[in-house]
Amino acid sequence: MSSELSENLLKINAELVAEILCRFIAAEIHRAGFQRVVVGLSGGIDSSVVTFLCARALGPQNVLAVTMPYKTSSEATRRDSQAVIERLGVRTVDVPIAAQIDAYFSQFPDAAQLRLANKCARERMTVLYDQSAAFGGLVAGTSNKSELLLGYGTQFGDMASAINPIGDLYKTQLYDLAAHLGVPEAILAKEPTGDLWVGQTDAGELGFSYAEVDRLLVLLVDRRWRRTELLQAGFATEFVDRVTTMIRRNHYKRRMPVIAKLSHRTMDRDFRYARDWGT
Amino acid sequence: MSPAADEASALSGHPRVLRVAMAQIAPKLGDVPHNLALHVEQIEAARRQHADLVIFPELSLTGYFVRDMVPDLAISPAGPEIRQLIDAAGPMSLVVGFIEESPHHRFHNAALWAEGGQVIHVHRKVYLPTYGLFDEQRYFAAGERLMAFDTARFGRVGILICEDFWHLSAAAIIQAEEVDLLLCVANSPARGVDGPKVRVAETYEQLATALAQMLGAAVIVVNRVGFEDGLCFWGGSMAVGPDGRTIAQAAMLDPALALAEFDPGELRRQRLISPLARDERLLLTIEEFHRIKRRRYEQ
């Protein structure tokens, strides 16, 4: 058996990660000419970690936590968001989204649950960007590496942001970081959910737990293991193939829209500048 | 070599401790005027601390992810920007990272040593990493020389730029050049966060420590800090004596002007204890490389 398998593949030095990410948040916000940040806070582990990091990086007075409940949002969502806000002393605004979502779907009463879920995610995005203009801060993203790889998010919805401090951390690693940062225990203990409909859980929808899939993802993506090596190591064929397909099929979500090339210099193909150009 | 140069190359004969300032800065990406001002500020601070040498990181005048900005940011070592820095440095020696445009419009990731009012040496990065997050060969032409040079106070010096430092052959050539001091100027981004410090920082420390002992020379690594496109440059600039002991190390992640003091006598003592450089068999090495060349390229 490879010695890599006996390692804790997802180990992080949580304080080192926090130090880097807080500097990242401050550097990216300041170089864009801002002092403040806006976060959509759901009371889940991802948005809680981002809120904690932003408060540490910029000071709580420079963080606006926006809660955006829909009518199916659970009591736990409200309670846990509130706990984060109170713990950190960040600024907050509550913007329920039921009125506009329901007004829209009154035209399409037979719409599938996924459409409602995506619409809610995109509605929250527009609220965050509007609040960012009102508050004078950039939107911090809350998509983690597991979600980004699996495509378990809504394009131009929860995947949209100006900066994303946690996009290179697997969900499993976020638990270690959250515990280190002092995220409330109730948030660490609860089952991951998008809270997009009653009873929804990530594991129920995906068909596997983050603990299982993160171990596979880190070998496949970070350590560059081949399929045959993963199968030899005991990963089920269907699991490996399903996850590999999800990564490939959702790649479009991780890229800007594809542009038909005509000229000698086309955005992002041969017109190449860093995003942090000139800052 | 002239007698004067021979005398100049004797670092161990220098009468006093030499002070080196490692300017661990966070340049603004693509803003040469801003970065020039930052350099002047650091140079003045280094002079106030009576430094003999101030070293800036790789591409210190431009930032790292320069990409399509390369032709717009390139300067000449004989141009006004470097002149301004040389003038600011006064009696102090100076190492600066910049983009050099050759007369044939090739663009190099380069670093220069200036002292006594003039540029003594320009090193053009030989190994341009083009893998993983790196894409340097797309924008830069590779340097063709790994040469050391004689300095007024630091003896014979070799400069490597970041990836050059990871190539054993570069260090071997620099050793054959009989250096007293090896500089590595870097823009090393953080990767690997599972250990007590950034993994790549640990590797740099191991390389610097091992190379100092193997070369029998002092080694100084100057790395930048700050962020570009999500990449964190980890800093941790370090000065290592010829015995492999760390003399000084700058903070991780934050800007610093870290001072290291070298006792020139240490070089002589260390070469008596461990005469590895003396015992190197250069002609054997050359013969073996010729044999390998015939086997790999001429059969």
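Trainee: What share of the 299 residues of chain B counts as buried, and what makes a residue buried?
Mentor: In this predicted model, 49% of the 299 residues of chain B count as buried.

Trainee: How many helices and strands does chain B have?
Mentor: Chain B has 10 helices and 14 strands.

Trainee: Why is chain B called as compact as a globular protein of that length?
Mentor: The globule rule gives 19 Å for 299 residues, and the radius of gyration of chain B is 18 Å, close to that value, so the chain is as compact as a globular protein of that length.

Trainee: What makes E3 and E4 of chain B a pair?
Mentor: Two strands pair if there are at least two bridges between them. Strand E3 (residues 93-101) and strand E4 (residues 107-115) of chain B are joined by 8 bridges, so they meet that cut-off. The two strands run antiparallel, and Val95(B) stands opposite Trp113(B) in E4(B).

Trainee: Which order do the strands of the open sheet of 6 strands follow?
Mentor: The order in chain B is E5-E4-E3-E2-E1-E14, with mixed pairing.

Trainee: Why do strand E5 (118-124) and strand E14 (256-262) of chain B stand at the edges?
Mentor: Each has a single partner strand, so one side of each is left without a neighbour in the sheet. From one strand to the next, the twist averages 30°.

Trainee: Which strands does helix H4 (residues 80-89) of chain B touch?
Mentor: Helix H4 packs on the sheet and touches E2 (53-55), E3, E4 and E5 of chain B.

Technical notes. Residues numbered from 1 in each chain as written. Chains lettered and ligands numbered in written order. Predicted model: local features only at pLDDT ≥ 70, side-chain atom pairs only at ≥ 80, totals over all residues. Helix = DSSP H or I, 4+ residues; strand = E, 2+ residues; numbered from the N terminus. Rg over C-alpha atoms; globule rule 2.2 N^0.38 Å. Buried ≥ 20, exposed ≤ 12 C-beta atoms within 10 Å, placed from the backbone. Axes fitted to C-alpha atoms, helices over the stretch in contact; angles between N-to-C directions. Contact = placed C-beta atoms within 7 Å.
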